[in-house]
Amino acid sequence: MSERHKILIVDDNESNRELLIDMLEDDFDVYQCADGKDAIAVLSNQGNSFSLVLLDIFMPEVDGFQVLKVMNKLRIIENLPVIMISSESSPESMEHAYRLGATDYIPRPFNMMIVRRRVINTIMLYSKQKRLIETVEEQVEEKEKNSEMLINILSHIVEFRNGESGLHVLHVRRITEILLDALTQKTDKYELTKSVKAMIANASALHDIGKISIPDSILNKPGRLTDEEYKIMKTHSAAGGELVNQLPIYKDEPLVRSVYEICRWHHERFDGRGYPDGLKGDEIPISAQVVAVADVYDALTSERCYKKAFTHEKAVEMILNNECGVFNPLLMECLTDSAEIIKSELGKDMIEELSLSESRLIAQEILQSKNISNSDLLSQSLTYERTKNEFFTKYSDDLMFEYIKKTDVLIFSDKASDRLGIDKTIMSPQNNKALLDAMGLETHNKLNDAIYNTTAETPDGECILESAGVSWKIVFRTLWSGGELTGTLGIVRPVIQGEK
Amino acid sequence: MNIVDCYNEMGADYNDVLARMMKEERVKKFALRFLDDPSFELLKTSLDAKNYDEAFRAAHTIKGVSQNLSFTALYKSSHELCEALRGGKPLEDVSLYDDVVRDYEMTVAALKKVDE
């Protein structure tokens, strides 16, 4: 083992800890916690930096089983092995610990050489598994990238003939992703999993392949099309669907079905007055409905041989006013909600952004469904760390706290815990009597209201609280994931008189 | 007195602890650390305060530590006490506690005779 692994020892008895440290410190960087609460605080913050936890069962207040439960909620138990060490040798306790995800159970009295060996073996096993997961991820990424490239080449051919830059395809794809994400936050009636959404986004690139059947003279005509020419132009959607349907192989593959739906029906209208089939409402597959909005938006905001570009605001207004077709009202809500995101995303350099993120998501889904392990943990916790750091740098370091909803644990910084005279770690803070007493019910409710007034888009807030004759200003940021409130970071400051 | 004689005096199994901890020096270091272990004090105060949950944990710690150090007698009596207190049950049979006191004092007396 080249780099030194970090091990966390959790035991309330000092000489137990020292004995374990004595036998492990030559090979590992050993850290210790004297109780379960402390362990939860350390694991919530830096769980990912440890390679193994040695955990006692009976400890005051928060016992080893509760630590395991929190590790389950944080989902760090999947990547961080836990070895229980206890003189508790009843099968019930051992079974309980194993059920909660403990990797191994070493009963006392233990042999030092065996403990050391088991620790080393477990760490090796987990590092091997981690490397394996990374390999799978890389391969899925590679595979996705290849098929994405082929789709892009194909759609680029269509665009090229159309005299366009190829940006249209990338734009439609990005808007499609944004709208699909917004849609899944609103409703689950369309059964859009991460991989279905990625598939639709991929398929969206091919929405206009039917245009290869349209003569150049019509496709690239600078002026207005005659009625006859327009009629021919309109055949491109049915032609695209036909093209896909005549594929000798693969035509029953989900991706190809999705391409078919999008090609054939991206010019249908929600009121049934579109073409080629006059489908109405949700008779039109949701993939085609979403791509239709994306297509119209990008057509409006781009310059074409027959028109100038409209501004983002004008384009959204025209779509919402049904000036360019009639769409699903739900999708109109999604467009309104994500208008700002679309505007800023399309301003970016799309070609550089060719999303590797999707392949990562898909790799995760595969890994999850194959039940190997959950690898988005790393990226999740990195995002969390980044948000946290950014926030703390932004507001300087006063009295800080963080609350993680999943584990229902509130953690104060050392300074805050000293100054406010509250425990550093508080489990289930909503029901914690000491905390409620310290704050007072009214103050508690006021803070709660302020927190629930934030949204994922506007996560920052502040409020002034009076407690025991002192005014405190609380600045906070709520954390969100998939439209759900997942936690709060905050800073407490005494209000200086006259400042209020 | 050296550590081997100390184990003999308290009727404990020195060979067993040496096999598991591998070095005499280490056995001595951690055996002597037992003199500073607060668990016995905690057991006493918890029982006085009728805090049987806390008493259970203290007895459990004594059991674990003495088991690891092969303090055979103390391990046995603390194990009995521990089982009687499991789940925060009030202590009915006080003689179980008296046994632990007796074995604890015997163990500590032997440890105190060890030369630094």
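Predicted model: local features only at pLDDT ≥ 70, side-chain atom pairs only at ≥ 80, totals over all residues.
Over which residues of chain A does pLDDT stay under 50?

View 1. Residues are numbered from 1 along each chain as its sequence is written, while chains are lettered from A and ligands numbered from 1 in the order in which they are written. The pLDDT, the predictor's confidence in each residue on a scale from 0 to 100, stays under 50 over residues 351-357 of chain A, for which the model has three contacts beyond four places in sequence; two residues are in contact if their C-beta atoms, placed from the backbone, lie within 7 Å. It also stays under 50 over residues 370-378 of chain A, where the model has 18 contacts beyond four places in sequence. Across chain A the mean pLDDT is 85, and 88% of the residues reach 70 or more. Confidence in chain A is lowest in helix H15 (residues 357-369), with a mean of 53, and highest in strand E3 (residues 52-55), at 96. Helices (H or I, at least four residues) and strands (E, at least two) are DSSP runs, numbered from the N terminus.

**View 2. The open sheet of five strands in chain A.** Chain A has 19 helices and eleven strands, and five of the strands form an open sheet with parallel pairing in the order E2-E1-E3-E4-E5; two strands pair if DSSP finds at least two bridges between them. Strand E2 (29-33) and strand E5 (104-107) of chain A are the edge strands, each pairing on one side only, and the twist averages 20° from one strand to the next. Strand E1 (residues 6-10) of chain A runs parallel to E3(A), to which four bridges join it, and five bridges join E1(A) to E2(A), again in parallel. A:Ile7 has A:Val30 as its bridge partner in E2(A) and stands opposite A:Leu52 in E3(A), whereas A:Ile9 stands opposite A:Leu54 in E3(A).

**View 3. Surroundings of E1(A) and helix H2 of chain A.** Four of the five residues of E1(A) are buried, and the strand is thus mostly covered; a residue is buried if 20 or more other C-beta atoms lie within 10 Å of its own, exposed if 12 or fewer, and partly exposed in between, with C-beta atoms placed from the backbone. Together with helix H1 (residues 14-24) of chain A and E2(A), E1(A) makes a right-handed β-α-β unit, right-handed meaning that, with the strands pointing away from the viewer, the path from the first strand over the helix to the second runs clockwise. The buried residues of helix H2 (residues 36-46) of chain A include A:Gly36, A:Lys37, A:Ile40 and A:Leu43. The buried residues of H2(A) pack against E1, E2, helix H3 (64-73), strand E6 (399-404), strand E7 (409-412) and E8 of chain A. In chain A, buried residues make up 33% of the 500 residues.

**View 4. The open sheet of six strands in chain A.** Here the pairing is antiparallel, and the strands follow the order E8-E7-E6-E11-E10-E9 (chain A). The edge strands of chain A, each pairing on one side only, are strand E8 (425-427) and strand E9 (460-467). The twist averages 20° from one strand to the next. E9(A) pairs with strand E10 (residues 470-481) of chain A in the antiparallel sense over eight bridges, and A:Trp472 in E10(A) is the bridge partner of A:Leu465. Helix H19 (residues 441-452) of chain A packs on the sheet, touching E9, E10 and strand E11 (484-494) of chain A, and its direction makes about 175° with that of E9(A); such axes are lines fitted to C-alpha atoms, for helices over the stretch in contact, and angles run from 0 to 180 degrees between N-to-C directions.

**View 5. A:Leu346 in helix H14 (residues 329-346) of chain A.** A:Leu346 counts as partly exposed because it has 19 C-beta neighbours inside 10 Å. Leaving aside neighbours within four places in sequence, A:Leu346 is in contact with A:His171 and A:Arg174. The C-alpha atoms of A:Leu346 and A:Ile175, which are 171 residues apart along the chain, are separated by 8.3 Å.
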